[in-house]
Amino acid sequence: MRQQTKPFIFERKPSRKPKPDALKPSIWGKLDTDIAQGLQDQRDMEEAAATGGDDRA
């Protein structure tokens, strides 16, 4: 086998498409995050009631 005259160099070029840094905003705005937070709060209250703990002051 013939010996290679030049060393093989692998060059990685960046993609031409810009990568989004942040996620696309929802068409619903903050509504979906507000609903998710409300559901989480409701679950927390139900768990506290089920365990008998009273977190309210």
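Guide: D41, D44, E46 and E47 make up a negative surface patch. Patches take residues with over 30% relative accessible area and no salt bridge, joining like charges within 9 Å and nonpolar side chains (Val, Leu, Ile, Met, Phe, Trp, Tyr) within 5 Å. A salt bridge would be a side-chain nitrogen of Lys or Arg within 4 Å of a carboxyl oxygen of Asp or Glu. Mind that this is a predicted model, where local features need pLDDT of at least 70 and side-chain atom pairs count only at pLDDT 80 or more, while totals for chains, interfaces and linings use all residues. Residues are numbered from 1 along each chain as its sequence is written, and side-chain values use heavy atoms, with hydrogens and water left out.

Now pick out E47, which sits in helix α1. E47 counts as exposed because its relative accessibility is 51% (exposed is over 50%, buried under 20%, partly exposed in between, with a 1.4 Å probe and protein chains only). Helix α1 covers residues 31-51, and its 21 residues should span 30 Å at 1.5 Å a residue, which agrees with end C-alpha atoms 31 Å apart; the expected span is 1.5 Å times one less than the number of residues. Just past α1, G52 has a positive phi of about 85°.

I35 is in helix α1 too, but at 47% relative accessibility I35 counts as partly exposed. As for the whole chain, 2% of its 57 residues count as buried.

Technical notes: Helix = DSSP H or I, 4+ residues; strand = E, 2+ residues; numbered from the N terminus. Areas by Shrake-Rupley, 256 points an atom, 1.4 Å probe, with all protein chains shown as cover. Lys, Arg positive; Asp, Glu negative; His and termini not counted. Charge placed at Lys NZ, Arg CZ, Asp CG, Glu CD.
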